[in-house]
Each structure stands twice: as structure tokens, then as C-alpha cells.
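This briefing is meant for a reader who is meeting the structure for the first time. Please look over the sequence and the model first, and then read the points below alongside them.

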Amino acid sequence: MSATPQQNGAESEAELTDGFHLVIDALMLNGIETIYGVPGIPITDLGRLAQASGMRVISFRHEQNAGNAAAIAGFLTKSPGVCLTVSAPGFLNGLVALANATTNCFPMILISGSSEREIVDLQQGDYEEMDQLAIAKPLCKAAFRVLHAADIGIGIARAIRAAVSGRPGGVYLDLPGKLFGQVMDAEAGRRSLVKVIDPAPAQIPAPTAVERALDVLRGAKRPLIILGKGAAYAQADDDIRALVEKSGIPYIPMSMAKGLLPDTHPQCAAAARSTVLQDSDVVLMIGARLNWLLSHGKGKQWGPPGSKKFIQIDIEPREMDSNVEIAAPLVGDIGSCVTALLRGMGDDWAHPSSEWTGAINAKKETNIARMATRLGKNSIPMDYHSALRVLRDVIKERPDAILVNEGANTLDQARGVIDMYQPRKRLDVGTWGVMGIGMGFAAAATIETGKPVLAIVGDSAFGFSGMEVETICRYNLPVCVVVFNNDGIYRGDGVNLSGGTDPATTAFVKGARYDKMMEAFGGVGVHATTPDELKRAVDAAMESGKPTLINAAIDPAAGSESGNIGNLNPKSALAKK
Ligand code: ADP
Ligand code: TPW
Ligand code: MG
């Protein structure tokens, strides 16, 4: 789109365009149809004009939530999600999401307006003055600034390619206010735009590396596959399933890889997780890192030292040997690596021994039976399991719904209880275990996929993005939020060790009614105190698609400190018992 033709005195009519329009045209040329952001100087008109041009512009109440929305849009689509913010404070609010996206390998572009370069660099106190580019650089994959309208096309092309090629991540694009008003000839402007060809090229693994991986796998007696969120991101679902099934190897999914194959798949060893981690001799990692979430690939969870060989598929060569020696590094994109392995396996690949798979199945049965007992209880007040049984059934009945999950106990228990059946349906706190992704992820998940969202969030977790229920109502999004309200962080029965009248540091207002927040903006609010009430309310919400918030009252004494990762929580040796 270009500006209306201008009459320029006696000169001939020249069609003109400007920085605003070039940014929009460059994004649209590259298939980017949605912007998540918060308006203000100098990008208010950018949002308006983008909407006028047919882009979907979703205005949030806080940039961090808009940034989280963009990040998860990137994860779900393999195309960078775009977050648009104002300068300094808006930029900083968005930066948390950009850093989190980079940490999680989600492609996103944070576009922030910025103040006058001449004034910023001399530190003369401009409106919202800040050297944003310098601040963003260490927290993202790449950072660029565009100073001339004629460079907007290249700037956006570089940002897109940097976000999605190789290991995906966050990119910062700095657009000073002055840029938007710069005018240029419309035809020259059109020619300056770049449609990025093959933005995330296939990265084919070396044949020798494929052979090495197959050799290690062939030698395995007790093999295991670990699927990570990189495997979910890669959208190589059929090939991954074929590899798992052809190899006959048991697998465990990392949190956001749940559903890549249905959690009920006979080879899924999630219910025997500690056994397979400890007893396996060869582990094939597909798009998962040996970071804290896998105890760095060492320690007693992994069995005796030296008892494991790792094969790792990852697009990032530097990921190899990050924590332990990788016997067979397979560097390339997951689709290409998995098809190469499948080809190399031939038609007579021997499945693992029944001794190995039998031991795993026995363990699974025991653990599933134990879990069934816990889930069978109909506790009132509800504990985590009695509430989660209901939500497990909801996802079973509606496997195409997207589950967003954050909190501590609310996260850890839900991950264990709720089976997923389809790829990329579980979105959660990711690599950092960050609170606050809830409402941003929920909004973008339904906007990007058209599917309904069930967000299961702790009362503390919800507080980080709770104001976005207004956004969810404003855009009338089919999002059902279930707040697990246990009156606090981890538990609601904390005490003030001083004996004073201030509440405990981990406690919130008792019996709070988060459902009223949704009602305030025209959505549906329900207060649920029993599993039956909870089921009815969630069913109604999923059926109607109306923005709904269910305040699920959970026993304040049901949770444990830090959920399942209490071992990471330092405690004072001097504390009074
Ligand atoms: P999880 O938390 O599920 O264990 P991680 O985020 O730790 O997963 O790991 C994901 C890994 O997947 C990253 O190391 C990233 O480089 C890799 N990755 C992402 N996309 C691809 C892809 N298309 N091909 C290969 N590796 C990928
Ligand atoms: C940005 C620390 C981890 S989990 C959590 C906090 C504050 C909240 C747990 O309470 P919640 O769940 O959500 O009510 P439940 O069921 O256990 O009661 N700030 C950020 N990220 C993190 N991870 C924290 C703080 C934290
Ligand atoms: Mg809580």
C-alpha cells in the first residue's frame, strides 16, 4: 500500500510511500499477518495503518504478554511472531519475552520504536530515551537498527532470517521514530522490499554422522528416545512417529513434546520415566537439551557413571557436549536427520529385547495404577488430583484443544496427569520455568490455530498476566482459564515467621474470586468448589467458546514448596525448625 499521490507544484504526480507503509508492506510480503503489541509514541500509527492494511493487530495491556504471544505464535507456526512496542519502558517490558523466546528457541521479532538517535547518543534526555539496541543485543539472537526508509525491506528480511534459520530465537529490530515519516518514491520503495526465499533452509546431516548414529543405536541393548520441544517445533510429526515405531524404542516426551505421539502410545514410557533414565544404555535425543530439566545428563537419575551413550539430533552444533560427551552428534534439522536415520535403518531393524520393553511396561502398569488411586479421590476441598482428573477428561474428549499451563504444583501435577494426543497442543513455562506466559500464550494459541484454549494456571502464575482477561474478552477469544486457587504460591497456609500481622510472603488474600475479573469485562465467571462443578463449567466454556474464568478452589494445604523441584530450592541451615 502507498500514500495517496501528492501534487507537487508544477512537477508530475509521483506516487509516494513512507516508513510506516514500508514496514507493513515488508511484513505482509513475508506472510506475517498478525502483530501483537501495545500502542504509543512512536508506533501508534504503525498499528493503525497495519490494521487498515488488513493485518490482524492485537493490542495487549502489557508488552510482556504481547511478547509472549508473539513468541508462542512463532513456536506454533515456524514463522516469527511479531511484537510491537514503544520505546524505553515498553521495549523493556517486551524484552523479557524476547529473552525467554531466545532461551526456548522460539522465533520472534521484537520491533520497538525508539527515540531520536542524535539525542539518545548524546544522552540529552529525549522522551523515553534509551540505547535499546545495545541493551537488546546480549539477550537475543540478533539485533538490527534501520535508519533509512530504503533499508526497511532489508532490515525486516534480516530479522526474519535470523529468527527462523538455524536454532530459532528472538530478534530485536530498532526503528527510530523519524524513520516512519521518511517519504520515498513508491516504486523504489516496492523494489526495496525483500521476500525472504527459503528462510529456514534444510540442514542435511553428514552421511558419516548418520552412520555413526546408527552404529551406536544398533549396539544398544536398552535404548531410549527423548523427544523435546525442538521436535515439536520442527513439524516433522509423521517422520518422527515412523522412526519411533520402526525402531520399536521406548520414548519419553519433554513437557512441550507431549502429544507429538499420543501419550497413550504403547511405546510411551513417561509413566516409567525414572526407570528408563536410569537403566537405558543408549539415549537418542531429538530436539531436547541436556539442561537442568534432564539433570544435565548426569547424576544418580542417569544410573552409574559411564553407563550411557548419547546420540543427539540438534540444529545447533554447539549444543553437542554441552553437559556430557555426545557419542554420536547428528547436526541438522530434525526432519532431515530423522528421514536419514529412517533410510539408514533399512527394512530389517531389530526391535529392542522384550526383556527391556517388558520391564518398562511392568513399571508403567504399577505407576499408572498408583496414579489411578490418587485420581479416583473426590476430595472436597479439591486437591490437585481431584481437580485435574476432570481436566484430563476434558482434553481426552477434546484432543484438538490447546492446553496452556503455568504455576508450580499446578504445572507439575497437570503435566503428569493430563495426557496429550496431538502435536503442539501443550504450551507451558518452558526452559526458564517462567511465570506469566499464561494469557499471552492463550490468546496467541487460539488466534494462530483457530482452536479453543484451556489454560490451567496457578493463582500466582495467573497474576503475572491476569489483566489480559480484558484482551481475551475484547477479542472474544475461545479461552477457558481455570485458576487453581490455593490462596498462594505453592500453598496458601504459609506463616509469617516474625509472628507479626503481615501475611506470609507466599500467601494471598484468602478465598479470592478471580472469576469476578472475567465478569468485569463481560466474560463468564464461575466459582467451582467440587470436581463436578468444575467439569460442568469447563464443558460449558469449551462448548460455547465464550471467554470464561473458573476459580477452582484448591485446598491451601495441598501443594508442596516449589512443586516437583523443591530440591533446587536453597534453604537456610540456620532457620528455626
Ligand atoms: P526441551 O525443553 O523440550 O527439552 P529444549 O528447548 O531444551 O527442549 O531443546 C530444543 C532443541 O531443539 C534446541 O537445542 C534447538 O536447537 C533444537 N531445535 C529447534 N528446532 C530444531 C530443528 N528444526 N531441527 C533441529 N533441532 C532443532
Ligand atoms: C517471572 C518463581 C515459581 S512458581 C511460582 C513462582 C512465583 C508461583 C507458584 O504458585 P502458583 O502455583 O502459580 O499459585 P501453585 O499451584 O504451586 O500454588 N517470577 C517469575 N518466574 C518464576 N518462576 C518465579 C517468579 C515462581
Ligand atoms: Mg497457588
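This is a predicted model: local features need pLDDT of at least 70, side-chain atom pairs count only at pLDDT 80 or more; totals for chains, interfaces and linings use all residues.

Which domains does the domain assignment of the protein chain give? The assignment gives domain 1 (16-192), domain 2 (207-361) and domain 3 (376-562).

**Domain 1 and domain 3**

- The centres of domain 1 and domain 3, taken over C-alpha atoms, are separated by 31 Å, and 23 residues of domain 1 are in contact with 24 residues of domain 3.
- The size of an interface is often given as the accessible area that is lost when the parts come together. Between domain 1 and domain 3 the buried area is about 2100 Å², and carbon and sulfur atoms give 63% of that area.
- The rule finds one salt bridge across the interface of domain 1 and domain 3, while the count of residue pairs in polar contact between these two domains is 10.
- On the side of domain 1 that touches domain 3, at least two residues each are supplied by β2 (34-37), β3 (56-59), α3 (63-77) and α4 (88-104), and α3 gives the most, with eight residues.
- Sorted by class, that side of domain 1 has 12 nonpolar, nine polar and two charged residues.

**Ligand 1**

- Ligand 1 is surrounded by 19 residues, of which R167, K229, R289, D314 and I334 are the closest.
- An N or O atom in the side chain of R167 lies 2.8 Å from an oxygen atom of ligand 1.

**Ligand 2**

- Around ligand 2 there are 17 residues, and those that come nearest are Y384, N409, T410, G433 and D459.
- A nitrogen atom of ligand 2 lies 2.8 Å from a backbone N or O atom of G433.
- An N or O atom in the side chain of N486 is 2.9 Å from an oxygen atom of ligand 2, and a polar backbone atom of Y490 is 3.1 Å from an oxygen atom of ligand 2.

**Salt bridges**

- The count of salt bridges by this rule comes to 27.
- One of the pairs joins E470 and R61, whose closest N and O atoms are 3.0 Å apart.
- Another pair is K178 with E116, where the closest N and O atoms are 3.6 Å apart. K178 lies in helix α8 (residues 177-181) and E116 in the loop between β5 (108-114) and α5 (117-121), so this pair ties together parts that are 62 residues apart in sequence.

**Backbone features**

- Most peptide bonds are trans, and most residues other than glycine have a negative phi.
- The peptide bond from I41 to P42 is cis, with omega near 5°, and P42 lies in the loop between β2 and α2 (44-52).
- The peptide bond from I380 to P381 is also cis, with omega near 0°, and P381 is found in the loop between α15 (354-376) and α16 (384-397).
- H296, although it is not a glycine, has a positive phi of about 60°, and H296 is found in the loop between β11 (282-286) and β12 (309-314).

How values were computed
Residues are numbered from 1 along each chain as its sequence is written. Chains are lettered from A and ligands numbered from 1 in the order in which they are written. Side-chain values use heavy atoms; hydrogens and water are left out. Domain bounds come from an automatic or database domain assignment. Contact means heavy atoms within 4.5 Å. Buried area is the accessible area (1.4 Å probe) that two parts lose on being put together, summed over both. A salt bridge is a side-chain nitrogen of Lys or Arg within 4 Å of a carboxyl oxygen of Asp or Glu. A polar contact is a pair of N or O atoms within 3.5 Å; within protein, one must be able to donate a hydrogen and the other to accept it, and residues adjacent in sequence count only if both atoms are side-chain atoms. Helices (H or I, at least four residues) and strands (E, at least two) are DSSP runs, numbered from the N terminus. Ala, Val, Leu, Ile, Met, Phe, Trp, Tyr, Cys and Pro count as nonpolar, Asp, Glu, Lys and Arg as charged, and the others, Gly among them, as polar. A residue is near a molecule or strand if one of its heavy atoms lies within 4 Å of it.
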